[in-house]
Amino acid sequence: MARTASPIFPQPRLVSSTQALEEALKPLHGERYVTVDTEFMREKTYWPELCLVQIGGANDVILIDAQAEGLDLAPLAALMADAAVIKVFHAARQDLEIFLHLFGALPLPVFDTQVAAMVAGHGDQVGYDSLVGSLTGHSIDKSHRFTDWSARPLSAAQLTYAAGDVTWLRVVYERLHRKLEQEQRLAWVAAEMAELEEPATFQPDPEKQWERLRARTSNRRMLAVLRAVAALREREAQRVNVPRQRLIKDESLLEIAATTPDSTEALARVRGVARGLAEGRTGQALLEAIRQAQALPDAELPRLPKGRGRDAARPPASLVALLKVLLNACCEAHDVAPKLVASQEELEALALDPAQAPTLLGGWRGRVFGDAARALCEGRLALRVQDGRVITVPCEDNALSEPALS
């Protein structure tokens, strides 16, 4: 698109004391929305280490030094909890997880411009810099993307970079909001925001962590051991605040489940398990978890999730491929990102049994794709190529009528 005139943004203010933070954020409670971003480090910890919070208002850009000694973030918590102020993020999940961990509650209400951009036809999970470029014609500096935000003092270049993440975001939000309002799609975005306003979205259940390890077995006793040690690892990683993979790798958990070590020596022989870990608190807890899992009655043993395992029902590959073509055709017609509408797993579930994919058949997804997908599976719809595009045609009396998608 054509490059637009660059707006004049407020000069950012770095805040490092509780009193200054309270004074800086107080006027923002009267605004319709604020833009929010965070800079954090997570390479060596389970929980993100918050380093900087950026808040953009109509007349202020506040940069909060979250590492400043003695700083109380209570005024920030109050702003995040103010239901009269929309909190605008781009790719909000990690930011929201940070606030939930810090304050025990999620910011409400929220608006994620990455999700909104997908609804508005800007592709799958578009990056912030790309979105700014496509909406305004301007490029933004991303040279400090991988900087060490925990190092102090922060340079002027770092602060300028950080401010850009919430200043241009106001322009992005205004333009996306206007477009979606004109196209009557704000309700679509609101439906997606419901998941981001639910704490369970950001609190992984330790008892379900084993499911993501993709064990290649249907042995329920082995799965019980895997469930137990994966849950133990998750809780221990949270307790000592180290990444789960740094504590024990996935491959080591799978080997533990397969070999069920019953002593410190046997546990230390598992590849990837250090002797110090095997002999320490975590190692002893692992051995106890193995013993308890092996003692479970058969009725309490887990089963592989539906669709997993050698004996799981598989949908015809041709039908899944056909549904994917239909998905892309529907999303092209409605100018919405396919990834937001349906995942590969959801397409496979739909091909097996429409009742297994209710989210695709209701709400705005139903109007975009679900209704057509059900009709295709039931033989009431066909696909045709017209003018270089895939379109749908109703199957009535074996005759082709006008395209359902234009």
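Predicted model: local features only at pLDDT ≥ 70, side-chain atom pairs only at ≥ 80, totals over all residues.
Phe111 touches Ile86, Lys87, Val88, Phe89, Ala116, Tyr173, His177, Leu180, Leu186, Val189 and Met193, leaving aside residues up to four places away in sequence. Here a contact means heavy atoms within 4.5 Å. Phe111 sits in strand β6 (residues 110-112). Helices (H or I, at least four residues) and strands (E, at least two) are DSSP runs, numbered from the N terminus. With a relative accessibility of 8%, Phe111 counts as buried, because buried means under 20% relative accessible area, exposed over 50%, and partly exposed in between (1.4 Å probe, protein chains only).

Residues are numbered from 1 along each chain as its sequence is written, and side-chain values use heavy atoms, with hydrogens and water left out.

**The chain as a whole**

Stepping back, the secondary structure of the chain comes to 18 helices and eight strands. Its C-alpha atoms fill a box of roughly 75 × 65 × 35 Å, taken along the principal axes. The chain has 406 residues, and 45% of them count as buried. Among contacts with a separation of 6 or more, 63% are between residues 24 or more positions apart.

**Two helix pairs**

How do α5 and α6 pack, and at what angle? Helix α5 (residues 128-136) meets α6 at an angle of about 50°, with the axes 10 Å apart. Axes are lines fitted to C-alpha atoms, for helices over the stretch in contact, and angles run from 0 to 180 degrees between N-to-C directions. That angle makes α5 oblique to α6. Angles under 35 degrees count as roughly parallel, over 145 as roughly antiparallel, 65 to 115 as roughly perpendicular and the rest as oblique. The α5 side of the contact is formed by Tyr128, Leu131, Val132, Leu135 and Thr136, and the α6 side by Gly164, Asp165, Val166, Trp168, Leu169, Val171, Val172, Arg175 and Leu176. By class, these residues of the α5 and α6 contact divide into 10 nonpolar, two polar and two charged. In this scheme Ala, Val, Leu, Ile, Met, Phe, Trp, Tyr, Cys and Pro count as nonpolar, Asp, Glu, Lys and Arg as charged, and the others, Gly among them, as polar.

Helix α6 (residues 156-182) also holds Thr167. At 7% relative accessibility, Thr167 is buried. Not counting residues up to four places away in sequence, Thr167 touches Phe9 and Val61.

The other pair is helix α1 (residues 18-25) with helix α2 (residues 74-81), packed at an angle of about 25° with axes 8 Å apart. This makes α1 roughly parallel to α2. Thr18, Leu21, Glu22 and Leu25 of α1 make the contact with Pro75, Leu76 and Leu79 of α2. The classes in the contact of α1 with α2 are five nonpolar, one polar and one charged.

**Backbone details in the loops**

| Cis peptide bond | Omega |
|---|---|
| Leu108 and Pro109 | about -15° |
| Arg152 and Pro153 | about 5° |

Pro109 lies in the loop between α3 (93-103) and β6, the strand that holds Phe111. Pro153 is in the loop between α5 and α6.

Next come residues with a positive phi. Thr260 has phi near 40°, a positive value in a residue other than glycine. You will find Thr260 in the loop between α10 (250-259) and α11 (264-268), and at 25% relative accessibility Thr260 counts as partly exposed. For Asp387, also a residue other than glycine, phi is near 55°. Asp387 belongs to the loop between β7 (381-386) and β8 (389-394). Is Asp387 buried or exposed? With a relative accessible area of 76%, Asp387 is exposed.

**An annotated stretch**

The UniProt annotation "domain: HRDC", from an unreviewed entry, covers residues 219-300. UniProt positions are given in the numbering used here, feature names are shortened, and annotations may be inferred rather than shown by experiment. Over residues 219-300 the chain is 72% helix and 0% strand, and the end C-alpha atoms are 13 Å apart.
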